[in-house]
Amino acid sequence: MKWVRFKKGNCEYTAFLAEETLHAVEGDIYTGDWHKTGELFLLAEVELMAPCRPTKVVCIGLNYRDHAQEMGEALPAEPILFLKPPSAVIGAGQFILYPEWIGRMDYEAELAVVIGKRGKNIAAGDAWQHIFGYTCGNDITARHLQKKDGQWSRAKSFDTFCPLGPWIVTEIDASALDISLTVNGELKQQSSTTQLVANPAQLVAFVTRVMTLEAGDVILTGTPAGVGPLKPGDSVTVRIGSVGELTNTVIAES
Ligand code: MG
(Lines give C-alpha, C1' and ligand atoms only; values in the text may rest on other atoms or scores of the structure.)
Protein backbone atom coordinates (compact mmCIF):
# COMPACT_ATOMS: atom_id res chain seq x y z
CA MET A 1 0.00 0.00 0.00
CA LYS A 2 0.96 3.64 -0.40
CA TRP A 3 0.26 5.82 2.66
CA VAL A 4 -0.01 9.56 2.25
CA ARG A 5 -0.54 12.56 4.51
CA PHE A 6 -1.91 15.70 2.87
CA LYS A 7 -3.68 19.02 3.31
CA LYS A 8 -6.86 20.09 1.57
CA GLY A 9 -8.19 23.48 2.59
CA ASN A 10 -7.60 23.82 6.34
CA CYS A 11 -7.80 20.09 7.04
CA GLU A 12 -5.10 17.44 7.25
CA TYR A 13 -5.74 13.86 6.19
CA THR A 14 -4.15 10.43 6.20
CA ALA A 15 -5.04 8.28 3.22
CA PHE A 16 -4.00 5.41 1.05
CA LEU A 17 -3.44 5.88 -2.65
CA ALA A 18 -5.16 3.62 -5.19
CA GLU A 19 -4.50 4.61 -8.82
CA GLU A 20 -4.81 8.43 -8.64
CA THR A 21 -7.40 8.44 -5.86
CA LEU A 22 -6.73 9.06 -2.18
CA HIS A 23 -8.96 7.19 0.26
CA ALA A 24 -9.03 9.04 3.59
CA VAL A 25 -8.79 6.95 6.75
CA GLU A 26 -9.12 7.43 10.50
CA GLY A 27 -7.27 5.45 13.15
CA ASP A 28 -3.72 4.10 13.44
CA ILE A 29 -2.14 3.03 10.15
CA TYR A 30 0.81 1.48 12.04
CA THR A 31 -1.22 -1.00 14.11
CA GLY A 32 -3.73 -1.65 11.32
CA ASP A 33 -6.57 -0.31 13.49
CA TRP A 34 -8.00 2.09 10.88
CA HIS A 35 -11.11 2.47 8.76
CA LYS A 36 -12.04 4.41 5.62
CA THR A 37 -13.99 7.62 6.22
CA GLY A 38 -15.54 7.44 2.77
CA GLU A 39 -13.90 10.74 1.69
CA LEU A 40 -12.11 10.56 -1.68
CA PHE A 41 -9.60 13.04 -3.15
CA LEU A 42 -7.60 13.23 -6.35
CA LEU A 43 -3.83 13.11 -5.82
CA ALA A 44 -3.34 16.07 -8.19
CA GLU A 45 -5.65 18.29 -6.13
CA VAL A 46 -4.05 18.03 -2.68
CA GLU A 47 -0.95 19.45 -1.00
CA LEU A 48 1.27 16.58 0.12
CA MET A 49 2.86 16.61 3.59
CA ALA A 50 5.67 14.39 4.90
CA PRO A 51 4.10 10.91 5.04
CA CYS A 52 4.94 10.38 8.74
CA ARG A 53 5.56 12.46 11.86
CA PRO A 54 8.80 11.13 13.37
CA THR A 55 9.79 11.85 16.98
CA LYS A 56 13.34 11.66 15.57
CA VAL A 57 15.11 11.03 12.28
CA VAL A 58 18.14 8.81 12.83
CA CYS A 59 20.69 9.11 10.04
CA ILE A 60 23.54 6.85 9.01
CA GLY A 61 26.82 8.31 7.71
CA LEU A 62 29.07 6.60 5.14
CA ASN A 63 26.88 3.56 4.50
CA TYR A 64 27.63 3.20 0.76
CA ARG A 65 31.13 2.11 -0.24
CA ASP A 66 31.33 4.52 -3.20
CA HIS A 67 30.32 7.58 -1.10
CA ALA A 68 32.92 6.86 1.61
CA GLN A 69 35.51 6.71 -1.16
CA GLU A 70 34.51 10.08 -2.68
CA MET A 71 34.61 11.71 0.77
CA GLY A 72 38.13 10.34 1.32
CA GLU A 73 36.92 8.46 4.40
CA ALA A 74 37.62 4.86 5.38
CA LEU A 75 34.50 2.72 5.83
CA PRO A 76 33.59 2.88 9.51
CA ALA A 77 33.82 -0.37 11.51
CA GLU A 78 30.33 0.39 12.83
CA PRO A 79 27.59 2.64 11.37
CA ILE A 80 27.97 6.34 12.24
CA LEU A 81 24.77 7.75 13.78
CA PHE A 82 23.56 11.31 13.80
CA LEU A 83 20.14 12.93 14.23
CA LYS A 84 17.91 15.39 12.45
CA PRO A 85 15.18 17.13 14.47
CA PRO A 86 11.50 16.70 13.52
CA SER A 87 11.49 20.44 12.72
CA ALA A 88 13.67 19.70 9.67
CA VAL A 89 11.06 17.44 8.05
CA ILE A 90 9.12 18.60 4.96
CA GLY A 91 7.07 16.75 2.34
CA ALA A 92 7.21 16.38 -1.43
CA GLY A 93 6.74 19.69 -3.23
CA GLN A 94 7.62 21.82 -0.22
CA PHE A 95 10.52 24.28 -0.43
CA ILE A 96 14.06 23.64 0.82
CA LEU A 97 15.13 26.94 2.42
CA TYR A 98 18.73 27.98 1.74
CA PRO A 99 20.28 30.44 4.22
CA GLU A 100 23.02 32.01 2.07
CA TRP A 101 25.46 32.48 4.96
CA ILE A 102 25.98 28.70 5.31
CA GLY A 103 28.03 28.38 2.08
CA ARG A 104 27.76 25.08 0.26
CA MET A 105 24.52 23.12 0.71
CA ASP A 106 24.39 19.55 -0.69
CA TYR A 107 21.73 17.02 -1.65
CA GLU A 108 22.01 13.36 -0.53
CA ALA A 109 19.53 10.79 -1.94
CA GLU A 110 18.65 8.21 0.72
CA LEU A 111 16.30 5.28 1.27
CA ALA A 112 14.20 6.15 4.34
CA VAL A 113 13.00 3.34 6.61
CA VAL A 114 9.75 4.11 8.46
CA ILE A 115 9.29 2.31 11.77
CA GLY A 116 5.87 0.78 12.46
CA LYS A 117 6.20 -0.61 15.96
CA ARG A 118 7.90 0.69 19.11
CA GLY A 119 10.98 -1.23 20.17
CA LYS A 120 14.33 -1.31 21.99
CA ASN A 121 17.13 -3.86 21.55
CA ILE A 122 15.49 -5.37 18.49
CA ALA A 123 17.41 -8.31 17.02
CA ALA A 124 18.23 -8.00 13.31
CA GLY A 125 16.19 -11.16 12.71
CA ASP A 126 13.10 -9.51 14.25
CA ALA A 127 13.64 -6.09 12.68
CA TRP A 128 11.27 -6.74 9.76
CA GLN A 129 8.36 -6.81 12.22
CA HIS A 130 9.25 -3.24 13.23
CA ILE A 131 9.66 -1.81 9.71
CA PHE A 132 6.37 -0.38 8.43
CA GLY A 133 7.64 0.63 5.01
CA TYR A 134 9.92 2.86 2.97
CA THR A 135 9.92 6.33 1.51
CA CYS A 136 12.41 8.61 -0.28
CA GLY A 137 14.62 10.92 1.78
CA ASN A 138 17.00 13.77 0.99
CA ASP A 139 19.63 14.38 3.68
CA ILE A 140 20.27 18.08 2.95
CA THR A 141 23.64 19.04 4.38
CA ALA A 142 25.46 22.34 5.01
CA ARG A 143 28.77 20.87 3.78
CA HIS A 144 31.04 23.73 4.84
CA LEU A 145 29.58 23.79 8.35
CA GLN A 146 29.89 19.99 8.59
CA LYS A 147 33.63 20.20 7.89
CA LYS A 148 34.14 23.30 10.05
CA ASP A 149 32.29 22.01 13.13
CA GLY A 150 33.92 18.57 13.28
CA GLN A 151 30.53 17.10 14.24
CA TRP A 152 27.37 17.26 12.24
CA SER A 153 24.48 18.55 14.36
CA ARG A 154 24.36 22.11 13.01
CA ALA A 155 25.06 21.12 9.39
CA LYS A 156 22.23 18.59 9.24
CA SER A 157 19.53 20.25 11.31
CA PHE A 158 18.32 23.40 9.56
CA ASP A 159 14.56 23.73 9.03
CA THR A 160 13.54 22.00 5.75
CA PHE A 161 16.76 19.92 5.58
CA CYS A 162 14.85 16.61 5.71
CA PRO A 163 12.50 16.18 2.74
CA LEU A 164 10.56 12.87 3.01
CA GLY A 165 7.96 11.40 0.67
CA PRO A 166 5.90 11.37 -1.36
CA TRP A 167 4.38 8.36 0.45
CA ILE A 168 5.27 5.31 2.53
CA VAL A 169 5.25 2.10 0.51
CA THR A 170 4.62 -1.07 2.49
CA GLU A 171 5.20 -4.76 1.73
CA ILE A 172 8.15 -4.30 -0.62
CA ASP A 173 11.59 -5.89 -0.64
CA ALA A 174 14.12 -3.05 -0.29
CA SER A 175 17.23 -5.18 -0.79
CA ALA A 176 17.80 -4.33 -4.48
CA LEU A 177 16.18 -0.99 -5.30
CA ASP A 178 17.64 1.47 -7.81
CA ILE A 179 18.32 4.83 -6.18
CA SER A 180 19.09 8.00 -8.15
CA LEU A 181 18.99 11.76 -7.88
CA THR A 182 18.66 14.51 -10.48
CA VAL A 183 19.11 18.27 -10.21
CA ASN A 184 17.08 20.17 -12.86
CA GLY A 185 16.78 16.87 -14.73
CA GLU A 186 20.52 16.17 -14.77
CA LEU A 187 21.59 12.82 -13.27
CA LYS A 188 23.89 13.29 -10.24
CA GLN A 189 23.63 10.08 -8.21
CA GLN A 190 22.88 6.55 -9.41
CA SER A 191 23.29 3.40 -7.35
CA SER A 192 21.39 0.52 -5.80
CA THR A 193 20.52 -0.50 -2.26
CA THR A 194 22.58 -3.63 -2.98
CA GLN A 195 25.57 -1.30 -2.27
CA LEU A 196 24.49 -0.58 1.33
CA VAL A 197 27.11 -1.59 3.89
CA ALA A 198 24.52 -2.14 6.66
CA ASN A 199 21.00 -3.11 5.51
CA PRO A 200 17.75 -1.79 7.06
CA ALA A 201 17.36 -4.75 9.47
CA GLN A 202 20.95 -4.41 10.70
CA LEU A 203 20.41 -0.66 11.15
CA VAL A 204 17.23 -1.17 13.20
CA ALA A 205 19.18 -3.54 15.46
CA PHE A 206 22.14 -1.16 15.74
CA VAL A 207 20.05 1.95 16.45
CA THR A 208 17.81 0.26 19.03
CA ARG A 209 20.80 -0.83 21.09
CA VAL A 210 20.98 2.91 21.81
CA MET A 211 17.48 4.34 21.66
CA THR A 212 13.84 3.27 21.53
CA LEU A 213 12.34 3.68 18.08
CA GLU A 214 8.67 4.70 17.91
CA ALA A 215 6.09 4.13 15.18
CA GLY A 216 6.61 6.89 12.62
CA ASP A 217 10.31 7.32 13.38
CA VAL A 218 12.64 7.32 10.38
CA ILE A 219 16.08 5.90 9.67
CA LEU A 220 17.88 7.55 6.75
CA THR A 221 20.17 4.81 5.48
CA GLY A 222 22.98 6.88 3.93
CA THR A 223 23.74 8.19 0.46
CA PRO A 224 25.65 6.77 -2.53
CA ALA A 225 28.41 8.57 -4.46
CA GLY A 226 27.81 11.76 -6.41
CA VAL A 227 26.88 14.28 -3.70
CA GLY A 228 27.03 17.89 -4.81
CA PRO A 229 25.72 21.41 -4.22
CA LEU A 230 22.29 23.00 -4.62
CA LYS A 231 21.45 26.64 -5.26
CA PRO A 232 18.23 28.68 -5.18
CA GLY A 233 15.96 27.78 -8.09
CA ASP A 234 17.21 24.19 -8.33
CA SER A 235 14.66 21.38 -8.52
CA VAL A 236 16.00 18.20 -6.88
CA THR A 237 14.41 14.76 -7.34
CA VAL A 238 15.17 11.54 -5.46
CA ARG A 239 13.91 8.39 -7.26
CA ILE A 240 13.86 4.99 -5.58
CA GLY A 241 12.79 1.85 -7.47
CA SER A 242 9.24 0.85 -6.55
CA VAL A 243 9.01 3.52 -3.83
CA GLY A 244 8.49 6.70 -5.84
CA GLU A 245 9.84 10.17 -6.60
CA LEU A 246 10.46 13.01 -4.16
CA THR A 247 10.87 16.48 -5.73
CA ASN A 248 11.63 19.73 -3.90
CA THR A 249 12.69 23.19 -5.07
CA VAL A 250 15.33 25.30 -3.34
CA ILE A 251 14.61 28.93 -2.46
CA ALA A 252 16.78 31.48 -0.66
CA GLU A 253 15.66 32.01 2.93
CA SER A 254 14.41 35.58 3.24
MG1 MG B 1 23.42 11.32 4.50
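**Reading a predicted metal site, ring pairs and cysteines**

Guide: Start with Trp152, which counts as partly exposed because its relative accessibility is 24%. The classes are buried under 20% relative accessible area, exposed over 50% and partly exposed in between, with a 1.4 Å probe and protein chains only.

Visitor: What kind of model is this?

Guide: This is a predicted model; local features need pLDDT of at least 70, side-chain atom pairs count only at pLDDT 80 or more, and totals for chains, interfaces and linings use all residues. Residues are numbered from 1 along each chain as its sequence is written, and side-chain values use heavy atoms, with hydrogens and water left out.

Visitor: Which residues are the protein donors of the magnesium ion?

Guide: Donors are N, O and S atoms within 2.8 Å of the metal (3.2 Å for Na, K and Ca); water is not among the atoms, so sites may look incomplete. Here the protein donors are Glu108 (OE), Glu110 (OE) and Asp139 (OD), 2.0 to 2.1 Å from the magnesium ion. Along the chain, their spacing reads E-x1-E-x28-D. Glu108 sits in the loop between β10 (105–107) and β11 (109–115), and Asp139 in the loop between β12 (131–138) and β13 (141–142), so this pair ties together parts 31 residues apart in sequence. Helices (H or I, at least four residues) and strands (E, at least two) are DSSP runs numbered from the N terminus.

Visitor: Are Glu108 and Asp139 buried or exposed?

Guide: Glu108 counts as buried at 4% relative accessibility. Asp139 is buried too, with a relative accessible area of 0%.

Visitor: How many aromatic pairs are there?

Guide: Rings of Phe, Tyr and Trp (its six-membered ring) pair if their centres lie within 6.5 Å; planes under 30 degrees apart count as stacked, over 60 as edge-to-face and the rest as tilted. The count is ten. One of them, Phe6 with Phe41, is edge-to-face: 5.0 Å centre to centre, with 70° between the planes. Phe6 is in strand β1 (residues 2–8) and Phe41 in strand β4 (residues 33–42), 35 residues apart. Both are buried.

Phe82 and Trp152 have ring centres 5.0 Å apart and planes at 65°, so this pair is edge-to-face. Phe82 lies in strand β7 (residues 80–84) and Trp152 in the loop between α2 (143–149) and α3 (153–156), so the pair ties together parts 70 residues apart in sequence. Phe82 counts as buried, at 10% relative accessibility.

Visitor: How many disulfides are there?

Guide: A disulfide is a pair of cysteine sulfur atoms within 2.5 Å. The count is zero. For Cys59, the closest cysteine sulfur is in Cys162, 6.2 Å away, too far for a bond. For Cys136, the closest is in Cys52, at 12 Å, again too far for a bond.
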